[in-house]
Amino acid sequence: QENVPAQPPTGVGLDGLRAAAAGCRACELWEPATQTVFGEGPETARVVFVGEQPGDQEDRKGEPFVGPAGRLLDRALGDAGIERRDAYITNAVKHFRFTPTPKRRIHQTPGPEHLRACRPWLEAEFAVLQPEVVVCLGATAAKALISPSFRITKERGQLLPWTPPGVARAEAGDDSPADDDEDAPHQTWMLATTHPSAILRTPDEARAAAYDALVADLRVVAHALA
Ligand code: URA
């Protein structure tokens with residue numbers, strides 16, 4: 001399927017991006033979805049969490065990570081000593097992809113064409129936020145942002161040096177003198193961990209350990225921000 005990637009406006013800040021993304025038609029997911037679910041959090045956030053795509057409740061409420069996975073994420077952030085209100089939380093794809101059934105809407109993993117179409121929004125978020133740490137929640141975000149061959153199971157919990165593509169673009173295209181010093185590029189770190197939904201799906205006997213492993217990874221993030 002040939003999608004034309006989204007073309008976010010520049011120089012409009014997060015609220016301007018959110019407003020523009022509300023009308024995004026870069027792929028077909030907008031049509032059955034209720035609304036675009038853009039990222040949320042303060043422009044001053046030093047850490048950005050990237051999930052996969054909104055789920056059923058996120059689609060209805062228009063906010064990321066407010067359903068069951070979000071409640072688990074909230075608890076894990078608290079246990080790791082990270083304040084959710086200080087973080088920016090977003091998704092690799094900003095519309096809910098689902099298969100409708102009479103009883104409920106069943107989550108479908110976004111395809112490469114959806115990630116590609118939606119990617120400019122994520123890059124625009126990075127360009128505004130200039131985060132110090134980016135946390136990929138799950139394989140979809142990690143494969144999109146680190147490498148298609150990335151394996152969460154093998155490489156989770158490690159801080160990897162990383163250059164956000166949106167930041168690289170903003171710096172390459174911007175040689176205004178006002179921008180010299182305080183905006184000098186800092187090192188950005190990337191860390192990937194399990195998706196909270198994967199923990200909810202983990203069998204009872206293994207769930208507590210899976211949760212503890214998520215919290216341990218988030219403590220690495222907390223330490224990097226300290
Ligand atoms: N899962 C995600 O990846 N993102 C959300 O916003 C909610 C659930």
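Q: In what order do the five strands of the open sheet lie, and what is the pairing?
A: The order is 2-1-5-7-6, and the pairing is mixed. Strands pair if DSSP finds at least two bridges between them. This is a predicted model, where local features need pLDDT of at least 70, side-chain atom pairs count only at pLDDT 80 or more, and totals for chains, interfaces and linings use all residues. Residues are numbered from 1 along each chain as its sequence is written.

Q: What makes strand 2 and strand 6 the edge strands?
A: Strand 2 (88-91) and strand 6 (160-162) each pair on one side only.

Q: How do you know that strand 1 and strand 5 pair?
A: Four bridges join strand 1 (residues 47-51) to strand 5 (residues 133-137), and the definition asks for at least two, so they pair. The two strands run parallel, and V50 stands opposite C136 in strand 5.

Q: Why is Q108 called partly exposed?
A: Q108 has 13 other C-beta atoms within 10 Å. A residue is buried with 20 or more, exposed with 12 or fewer and partly exposed in between, C-beta atoms being placed from the backbone, so Q108 is partly exposed.

Q: Where is Q108 found?
A: Q108 is found in the loop between strand 4 (105-107) and helix 4. The C-alpha atoms of Q108 and F98 are 4.9 Å apart, although the two are 10 residues apart in sequence.
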